[in-house]
Amino acid sequence: MEKTSIESPIEIFEHSLEASKKIASRIAQLIIAKKEVGQMAVLGLATGSSPIEVYNELVRMHREEALSFQNVITFNLDEYFPMAPDREQSYHRFMNEYLFDHVDILPENIHIPDGTLTSVESVNKYCQAYEEKIDEVGGIDLQILGIGRTGHIGFNEPGSTLESITRLVTLDNKTRVDATKDFFGKHNVPKNAVTMGISTILKSKQVVLMAWGEGKAEIVERAINGHMSSQVPATFLQNHMNVTYYFDMPAASELAQVKTPWLLDSITWDALMVRKAVVWLCEILGKPILTLTNEDYNENGLSELLTKRDSAYKINIEVFNQLQHTITGWPGGKPNADDSQRPERNTPFPKRTLIFSPHPDDDVISMGGTLLRLVEQGHEVHVAYQVSGNIAVFDEYAYNYLDFMCDYNQMIDVKNEKLIALRDEVRDYMQSDQSGNKAPDALRELKGQLRKNEAKAACRYCGVDEKNLHFMNLPFYETGEVKKKPLGEEDIQLTMELLQEQQPHQVFLAGDLSDPHGTHRVCLEAIFEAMRRLKNEAWTDNCKVWMYRGAWQEWDIADIEMAVPISPEELMKKRQAIFRHQSQKDGVAFPGSDAREFWQRAEDRNRHTARQYDKLGMAQYEAMEAFVEWDFKNE
């Protein structure tokens, strides 16, 4: 199969929801067009977090716009093996919960690989039959795909060949690590899966691949621009004659049209784009800003910028000053000082600062140094912990506390039958097959209390008054399972109430969207929506909103609007604050793709940011925490 064009069609959206609605509309149009000529629409469906918003929109269209699925036949890409269809992690259950139970599709038209077969021979026969069923209905009209960090499509892991068909495969270690959050530990993740093959997928008449978030940016770039290779199976889609890629901006951030658009076409040179280009030029040449020459710009695709600004000297000075002015040791503003070139205002002083922390440790992990500065400089610091974080505590860790409490009660001659019963219930649960059982509510509550006490301990260490701590326990999170509810009105109302109560001069929130269980993204949207609704309140005229990162990623240098230097002593204090979160030390329940502990990630990222500033010609610091302003008044 030959490519028909040099470029594959790529559609990039500001937000994944917008892209998902576009994909759902495309699916709906296919279903309707097929119905009008009396034909069945054959869909290839994916699972995982990527298509959830697509399915939500299809369900909405069914309910509100009478979109019927009675002429739809579906074939799912894959299923874990072994896997009972009613298990929480089963893709049968996933598809029922997100789509099939909410539309009028005929049950006999649903096909999902069987994870219950008991022998290799029966699996092979089943896979052959699966291929034949697809051929019998005329092939797949539209196949939707996500993409894994290994570059897998379906469960076609690195090493999958172009000729591969539906079969039993062994899962890559990265894939199993990424699935840890769903199975309460890597040891519970199946080692195998049944998946459509590369050849099966490529026979589809149309293919849609979607990817959301910074965590997919690197593999997206390799899939689009890399050489076709079995080591990155998604590159085989370059061979397809009708494939469309849908990305949000973060997922597309490594593609040239987003990262270096000036190399592709003439662009509008606003201040941010100039800054991005200059920082990029410094990085590829290994030179500080003020040493760049006219030749450097001309020889590296930036002659248009040079023409518009007359000389490298003018560009260099402009960008150097912009970056220099982002650096401040006064994150709450410096009183009685000229603030015209500072990221924060000098008044009012002291400020009332509200730090939103998605989990009970994100505040100190991501902006612990800045938090310490704000407290030391006399600001009224409040911290709002948006969720309990209870699922991120290992059962054994919580059990040890229960066991200690029982033993201590016995030592002081107090017999608490309820406590003993809970300990025994937790012990029995730990000895059971946890991947299929929901944890006891009392265990979940204990874990939440442990994390709450750790957050209080960290804030005491940082000097934050305990009365300024707010444990929100947003309802979307409190399901007792890894799977959370969508953001709801109650979550938004609770956020609005806290903002109205505090009427802060500064708000800090987590803009770190690579969190593997998606909690950061939902927490962020809760604040965004709350601030949108409140932006006409008088107090918001004197409020700035800053977004931090650090637990999972960091801001690009060109995007940073406030950089707070951290001394070696302050970095050590930040580490000690993180250490107060004992349940998250020496290994975490959901590490994502980064095996380092959170304090190690934070320090490495903070030092890396400082080194980048240093390489650009700024003052040399031990570490830096970085922030980007969200202009909620003019978004």
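Two strands count as paired when DSSP finds at least two bridges between them, and strands (E, at least two residues) and helices (H or I, at least four) are DSSP runs numbered from the N terminus.

This is a predicted model, where local features need pLDDT of at least 70, side-chain atom pairs count only at pLDDT 80 or more, and totals for chains, interfaces and linings use all residues. Residues are numbered from 1 along each chain as its sequence is written, and side-chain values use heavy atoms, with hydrogens and water left out.

**View 1. Strands E9 and E10 side by side.** Here E9 (residues 206-211) pairs with E10 (residues 243-248) in the parallel sense, over five bridges. Look for Met 210, which sits opposite Tyr 246 in E10.

**View 2. The open, parallel sheet.** Seven strands line up as E1-E10-E9-E6-E2-E3-E5. E1 (10-13) and E5 (110-111) are at the edges with a single partner strand each, so one side of each has no neighbour in the sheet.

**View 3. Around Ala 46.** You'll find Ala 46 in the loop between strand E2 (41-45) and helix H2 (52-65). Leaving out residues up to four places away in sequence, Ala 46 touches (heavy atoms within 4.5 Å) residues including Tyr 55, Phe 94 and Ile 144.

**View 4. Helices H10 and H13 crossing.** H10 (residues 271-285) packs on H13 (residues 312-324) at about 100°, with axes 10 Å apart. Axes are lines fitted to C-alpha atoms over the stretch in contact, and angles run from 0 to 180 degrees between N-to-C directions. The pair is therefore roughly perpendicular (65 to 115 degrees).

Technical notes: Angles under 35 degrees count as roughly parallel, over 145 as roughly antiparallel, 65 to 115 as roughly perpendicular and the rest as oblique.
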